[in-house]
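This report examines selected local features of one protein model. The sequence and the structure are shown below and may be consulted alongside the text.

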Amino acid sequence: MSSSKQPRRRFVIGLFLIAAVVQVLYRPAQCSSLIKYLSTEYNLSTIYSIIERNQIANSTIHLRSVTVFAPHNEAFLKIIKQDNDDEYLPCYHITNVPMKLEQLGKSVFSELDGNPPMWITKKSPEEIYVNQAKVVYHLANYEHNNTNGKPQVLHVIDQVLQPLRMKKNSPQNVYNPNAWEFMENAEYLDLDSYHTNTFLQRVQNLDKKSVFSNQGGHTFFIPVDEVANYPKVRPEKIDVKVIDAHIVPDNVLFLGPTNEDEQFKTLAFTDMLKVFASLSKAEEGDKTKYYVSSDTVVGDGVHPTGAVVAEIVKANIPVRNGVVHLISRPLMIVDNTVKQFIESYKDREDSVLHRFYEEIMNSGGDFLEKLTAMPNVTLFAPSNAAFNDQSIQLYLTNRTYIRSLLDLHIVNRRLSIDDIVAESIDKRFQVPTEVPRKDLFFNVVTSGKNRTLTLEGGGVNATVVQANLAATNGIIHIIDHVLGIPSSTVDRKLATDPTLNETNYLGQVSSLNDQLGDVQKRFTYFVPRDFAWKRLAIDNPSVYKKLFMPEYSNIARQILERHLIIADKVFTMDDLKKDANNNYNLSVRLPTVRDVSMYIKVKDSVEGYSIEWRNEWIHVHRSDVRCTNGIIHVIDKVLIDENDIEVNGAIATKSITALVLVMAQCLVFYYFN
C-alpha cells in the first residue's frame with residue numbers, strides 16, 4: 001500500500017471509531033432486559049429507584065409487556081418532591097402495551113389506579129409529546145424482551161408526568177374522572193388549595209354538565225373562585241355562551257406542545273358568535289407565567305368583541321376526556337373599564353403593565369381619569385420590558401415630558417386588530433392621537449395564520465405583543481416600546497421603518513447611511529417615503545431606473561445629500577416655520593450637505609405641514625420623527641430635477657469612455673510589445 005493512502009485509511013478508521021463511540025454514548029446498551037437497562041443507566045437512576053420501590057410497577061415491568069416513558073434525572077430536579085410520589089409516579093409512566101413512537105395514537109392508558117390516560121401530541125415524526133413532556137427522540141424506541149419473553153419498549157422523556165392526585169387523607173377516592181367529575185369532586189382533589197365552586201354552580205344552574213362529560217379529547221379552562229390581585233367577576237355574568245368559551249373541543253392542549261398565540265375554536269364558535277382561545281407565556285421576574293386568552297372576533301349584544309386574558313394558575317391536569325387548566329378568572333366576560341384594567345396591575349409587581357401603572361401615577365394620575373371620561377378609546381400600553389429599556393431611563397425622570405407622552409398612546413375610537421387590517425388594505429393606515437399633530441401609523445404583516453401589527457408614534461416603532469384586550473369603554477393593546485422616546489439612531493430608523501425602504505436602500509449602496517449612526521452629530525433628514533419614489537417612477541421612469549443602477553450610486557448619494565442637514569442642532573418643522581416667518585420672503589435657508597443655499601417655504605394647515613421647493617408644495621407625511629442623534633421628516637416627493645441625472649450622467653459617460661480608452665491602450669501595448 002502506498003504511503004499516500006495510509007493517512008486516508010487512518011482517517012476512515014478514525015471516523016468509524018467516532019461513530020462507534022457515538023453509538024455507545026447515545027444509544028441504550030444491549031442489556032438482558034429493559035429493567036436491567038434502567039438499573040445500569042446512570043441518567044435514569046431516579047425513575048428506576050421509584051419503580052423498584054413500587055410493588056405494582058415493579059411486578060408489572062418484570063412480568064408483562066409494557067411501554068415505559070422514563071424521565072431522565074434532570075427532569076426530577078425540576079419538580080418539587082411530594083410525599084406520595086412513590087404511590088402515583090411509577091405506574092403513571094407505564095402502559096401495558098409495547099408501542100414504538102410510530103405506533104402511538106392520541107392517548108395510551110397508564111397502569112395507575114383507574115387507568116388514567118397519557119395524552120400524545122405529534123408535532124412531527126421527531127417531535128412527540130406525552131402530556132407536557134417531550135420525548136428525547138434519539139433515546140426512544142429501545143426494545144427488549146423481559147425474562148418471560150414479553151416485548152417491552154422504553155422512551156426517555158424530558159419532564160416528569162404529573163397525574164391527578166387525591167388530597168392527603170381524603171375520605172373519598174376519585175379514579176380517572178372526566179372534566180365534569182373533576183369539578184364535582186374538586187374538594188377531594190389536590191388542587192393547591194384552589195376551589196371551583198362558583199363556576200361549578202353556574203354550570204349546574206345552566207344545565208351544561210354534558211359539555212364537560214363529552215367523550216374524546218378536549219381542553220377545559222376552569223376558573224377558580226378567587227385569586228389575589230385579580231378582580232372578581234359577578235357570577236351572573238357567566239352565561240351559557242361564556243361556559244362554552246371555556247372548552248376547546250377535539251384538541252388536547254398541554255402547554256409544552258401547543259404553539260404560542262395559535263388560535264383554536266372554542267365551543268362558543270357558532271354562526272352568530274365567534275370565539276377563539278389561545279395560549280401565551282410571559283417572563284415575570286424570575287418566573288414564567290402562562291395565560292389563556294379568549295378572543296371574541298364576532299360578538300353580539302351581550303358579548304362584545306375583544307380579548308379577555310386569564311392566568312393559568314394550575315396547568316396540565318390530565319382527565320379522562322382531555323386536559324384541565326385552572327385559570328384566574330372567567331374568560332369572555334368584559335366588565336372592567338380601561339382605567340380599572342390598568343389599575344388591576346398596581347399590586348402585581350412583575351406583571352406586564354405594572355411599570356406602566358407606576359409611570360401614570362408618578363406623572364400625576366390624571367391620565368387614568370382622562371381614560372374614564374372617554375366612551376370609546378384604544379390604549380396602546382407599553383409593557384414592563386418597554387420601560388426597563390436602558391436607553392430611555394434618562395427621559396423617565398422628566399415627569400412633565402412623560403405625562404405629555406402618555407397622550408401619544410391614546411386613540412379616541414375603538415380599534416381592534418381586524419379594524420386596523422381592514423383600514424390598511426389599500427393604504428397605510430394612520431389615526432390621530434390625543435397629542436396634536438401626532439398620528440399613529442400602522443403596518444400589518446401576515447404570515448400564514450399569524451399577523452404581526454407594528455405601529456409608529458413619535459418616531460418610535462413598536463410591535464403589539466398582546467392585542468384586543470377588551471374593556472367596557474375600549475380596547476387595550478400591549479406594545480413593546482414606549483412611544484415618543486427615541487431609542488434608535490437615524491440609520492437604524494431607516495432600516496426598520498417599512499415605508500422608507502427605497503431611501504434606505506439608496507443610502508446603503510451609496511454609503512451615505514454609514515455616517516447616520518454617528519451619535520456625536522445631529523442630523524435633520526427630509527426622507528422621501530416609498531410612495532415618493534413610486535411617484536418618481538411614474539413621472540420619470542428613466543431617471544428612477546438610473547438612480548437604482550449601481551453605476552449611478554454616486555449620483556443617488558448627491559441627491560440624498562440635498563435632503564440632509566448636519567448641524568449642531570436638529571430642526572423641527574415648527575423651528576423651520578418660525579425661521580421662515582421671521583424672514584421677509586417667508587422662506588428659510590437650509591444648509592444641506594449638497595446645496596449650501598437651498599431655500600424652502602413652510603406652511604401649516606389642517607392636513608399638516610408642507611414645504612415649497614422650486615415652486616412646488618410638498619406634503620410632509622410625518623414630521624418630527626425623533627431619533628437619538630437627529631430628526632426625520634418624511635416627505636411625499638423626492639427633491640430632484642432632471643439636470644441631476646443629465647449632468648452627472650454625461651460626466652459618468654465621459655469617465656467610462658476615458659477608462660475604455662486607457663484599457664484599449666494597455667491591451668495594444670501588451671500584444672505588440
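## Charges over aromatic rings

Arg622 places its charged end over the ring of Phe441, 5.0 Å from the ring centre. A charge is counted as sitting over a ring if NZ of Lys or CZ of Arg is within 6 Å of the ring centre and within 35 degrees of the ring normal. Lys603 likewise lies over the face of Trp617, with 4.6 Å to the ring centre.

## Basis and confidence of the model

The model is predicted: local features need pLDDT of at least 70, side-chain atom pairs count only at pLDDT 80 or more, and totals for chains, interfaces and linings use all residues. Residues are numbered from 1 along each chain as its sequence is written, and side-chain values use heavy atoms, with hydrogens and water left out.

The pLDDT (the predictor's confidence in each residue, from 0 to 100) averages 87 over the protein chain, and 90% of the residues score at least 70.

## Aromatic pairs

Rings of Phe, Tyr and Trp (its six-membered ring) pair if their centres lie within 6.5 Å; planes under 30 degrees apart count as stacked, over 60 as edge-to-face and the rest as tilted. By this rule there are 13 aromatic pairs. Tyr37 and Tyr142 form a tilted pair, 5.0 Å from centre to centre with 45 degrees between the planes. This pair links distant parts of the chain, since Tyr37 belongs to helix H2 (residues 34–40) and Tyr142 to strand E7 (residues 142–145), 105 residues apart. Both Tyr37 and Tyr142 are buried, where buried means under 20% relative accessible area, exposed over 50% and partly exposed in between (1.4 Å probe, protein chains only).

The pair of Tyr505 and Phe548 is stacked because the ring centres are 5.9 Å apart and the planes are at 10 degrees. Tyr505 lies in helix H18 (residues 501–509), whereas Phe548, 43 residues apart from it, lies in the loop between helix H20 (541–547) and helix H21 (553–562). Tyr505, Trp533, Tyr544 and Phe548 form one aromatic cluster.

In H18, Glu502, Thr503, Asn504, Leu506 and Gly507 are buried. The cover over the buried residues of H18 includes helix H17 (490–496), strand E23 (522–528), helix H19 (530–539), H20 and H21. Just after H18, Ser511 adopts a positive phi of about 70 degrees.

Strand E9 (residues 218–223) is mostly covered, with six of its six residues buried. His218, Phe220 and Ile222 point one way from E9, while Thr219, Phe221 and Pro223 point the other way.

E9 runs parallel to strand E15 (residues 322–327), to which six bridges join it; two strands pair if DSSP finds at least two bridges between them. Phe220 stands opposite Val324 in E15. E9 and E10 run antiparallel and are joined by two bridges, and Thr219 has Val248 as its bridge partner in E10.

Note on methods
Helix = DSSP H or I, 4+ residues; strand = E, 2+ residues; numbered from the N terminus. Contact = heavy atoms within 4.5 Å.
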